[in-house]
Amino acid sequence: MNNQPPQQSDKPCCQHPRRTFLTRLSIGLSAVIGLVITMPVIGYVLAPIFKKPKEKWRAVGKLEDFKVGGFVLVQYEDPSPVAWAGVTATAGAWLRRVSETEFIAFSINCRHLGCPVRWVDDPKLFMCPCHGGVYYEDGTVAAGPPPEPLQKITVRVRNGQVEVQTIPTPLTLTTLT
Ligand code: FES
């Protein structure tokens, strides 16, 4: 005859199935509530990355302020400023009045890794301070690692104001290794 008491399983799940179910239910509900609360915040933070910024015209000065000659640095608000952009909301271009009616402009960002290039009037070259990239006055590469010419920016004159068409900051074409 067997006098031993009936054996209970040692697994906690089988000892308290209701408690286990409620624990899992509460973890699941907490996860759902956490997602519902954080998704709008994550969406707000990440949305500017996926939204293509619209190109806009930005006034950079009066027509009479620009003399025919070398390049001058102009600054304007980036086409996709976000609330937390800070100083990066300001973009720049090298603008040159070629004749009474004609302007050309280039983005200041080097096509190697994006450092701001600087115009040197003599010998009429754009120099990049980071890795020695050099560009001619037409924006083409003269020396150094940049793989492409400087990004051109469209310029127009409206109501006596010189305006540049904003572009997203050019991404580097260089493969980082
Ligand atoms: S960032 Fe201009 S040469 Fe490297």
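Tutor: Strand E4 (residues 103–107) and strand E9 (residues 152–153) run antiparallel, joined by 2 bridges. Strands pair here if DSSP finds at least two bridges between them. Strands themselves are DSSP runs of at least two residues, labelled E and numbered from the N terminus. In E9, lysine 152 is the bridge partner of phenylalanine 106.

This is a predicted model: local features need pLDDT of at least 70, side-chain atom pairs count only at pLDDT 80 or more, and totals for chains, interfaces and linings use all residues. Residues are numbered from 1 along each chain as its sequence is written, and side-chain values use heavy atoms, without hydrogens and water.

E4 also pairs with strand E3 (residues 90–97), antiparallel, over 5 bridges. A hairpin of 5 residues links E3 to E4. Serine 107 in E4 is the bridge partner of alanine 93.

Now look at burial. In E4, 4 of the 5 residues are buried, meaning under 20% relative accessible area with a 1.4 Å probe, protein chains only.

Next comes the core. The largest nonpolar core has 14 residues. Such a core is a set of buried Ala, Val, Leu, Ile, Met, Phe, Trp, Tyr and Cys residues joined through side-chain atoms within 4.5 Å. E4 supplies at least two of its residues, as do E2 (71–77), E3 and E11 (161–165). E3 gives the most, with 3 residues.

Ile153 is among the residues with the most contacts inside this core. Leaving aside neighbours within four places in sequence, isoleucine 153 is in contact (heavy atoms within 4.5 Å) with residues including Ala105, Phe106 and Ser107.

Methods:
Buried means under 20% relative accessible area, exposed over 50%, partly exposed in between (1.4 Å probe, protein chains only).
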